[in-house]
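The sequence and structure come first, followed by the description.

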Amino acid sequence: MSQLPVPGRDTVYVWTDRTAGDQRELARRLLRRAGGALLGRPEAEIGVGRAPGGCPEVYAADGRTLPVSVSHVDRVVVVAARAGGPVGVDVERRRPLPATPLARRWFDPEEAAWLAARAEDGRELDFLRLWTAKEAVGKALGTGLRDGGLRRRMPVPAGAGELLRPVHGCPGVRVGHPAGGAGLVLAVAVAGAAGPVEVALEQRAGHDAASRSAAVERTSLPVVVRGS
């Protein structure tokens with residue numbers, strides 16, 4: 001796949017794929033794809049490793065690096081990359097869970113009250129949206145959920161407006177929920193943003209690299225994304 005970022009547009013690129021085999025190998029393959037697309041080098045020249053803190057890192061032979069983030073659930077692997085600065089991604093499988101008690105235990109009281117007031121049939125989804133947002137923001141900040149990360153207030157999920165919205169009390173941090181695929185809840189976050197940030201998604205149908213079909217979702221700006 002080749003991607004041509006629009007100059008001057010702060011954009012997060014997200015690759016989603018699934019595998020019946022080794023998730024780590026699929027993650028490395030997607031990371032190399034991200035590096036090749038956004039660093040402008042052949043994938044064979046892209047290195048993938050771990051930063052001192054354990055976070056994934058992608059680099060080219062000329063020393064340039066690319067901020068990336070990885071998440072996986074149930075054989076689905078998601079990689080996010082952003083040339084403009086730190087990025088975080090988290091994905092969860094939608095599933096039954098005691099949303100209100102969990103929120104009261106772990107979340108900011110205002111978030112817990114908001115969740116308790118939501119319609120019961122959508123409460124589990126709203127809980128997972130808040131949870132994945134907190135995880136993604138923690139990754140973008142490089143702190144994870146340490147030091148009160150679960151209590152950090154997220155913008156409540158909403159259908160209209162900007163996809164990535166500002167996080168209360170965290171200047172330059174934005175988070176949102178692009179479409180993650182059937183049964184999945186996906187969150188993407190950025191740090192150090194000077195303004196709105198766009199998201200470009202590629203979701204591959206099938207397993208591993210053998211699948212050649214891709215569906216691309218784009219936000220309002222004309223980021224060029226071409227399937228391989």
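The protein chain exposes about 10800 Å², of which carbon and sulfur atoms supply 52%; accessible areas come from the Shrake-Rupley method with a 1.4 Å probe, and for residues only the protein chains shown count as cover. The model is predicted: local features need pLDDT of at least 70 and side-chain atom pairs count only at pLDDT 80 or more, while totals for chains, interfaces and linings use all residues. Residues are numbered from 1 along each chain as its sequence is written, and side-chain values use heavy atoms, with hydrogens and water left out.

The protein chain contains four helices and 14 strands, taken as DSSP runs numbered from the N terminus (helices H or I, at least four residues; strands E, at least two). Of its 228 residues, 46% count as buried, the term for under 20% relative accessible area, with exposed meaning over 50% and partly exposed in between (1.4 Å probe, protein chains only). Among contacts in the protein chain with a separation of 6 or more, residues 24 or more positions apart account for 52%; contact means heavy atoms within 4.5 Å.

A nonpolar core is a set of buried Ala, Val, Leu, Ile, Met, Phe, Trp, Tyr and Cys residues joined through side-chain atoms within 4.5 Å. The largest such core has 25 residues, and Phe-107, Phe-127, Val-137, Met-154, Val-167 and Val-175 touch the most other members. At least two residues of this core come from each of α2 (99-106), α3 (109-116), α4 (120-141), β10 and β11 (184-190). The greatest contribution is that of α4, with nine residues. Another core, of 19 residues, lies apart from it and includes Ala-27, Ile-46, Leu-66 and Val-79.

Strand β10 spans residues 170-176 and includes Arg-174. The side chain of Arg-174 reaches the backbone oxygen of Leu-164 at 3.0 Å. Leaving aside neighbours within four places in sequence, Arg-174 is in contact with residues including Glu-162, Leu-164, Val-188 and Val-197. With the same exclusion, the contacts of Val-175 include Ala-133, Val-137, Met-154 and Val-188.

| Residue | Relative accessibility | Class |
|---|---|---|
| Arg-174 | 12% | buried |
| Cys-170 | 16% | buried |
| Cys-55 | 41% | partly exposed |

A disulfide is a pair of cysteine sulfur atoms within 2.5 Å; by this rule the count is zero.

Methods:
Polar contact = N/O pair within 3.5 Å; in protein donor to acceptor, adjacent residues only side chain to side chain.
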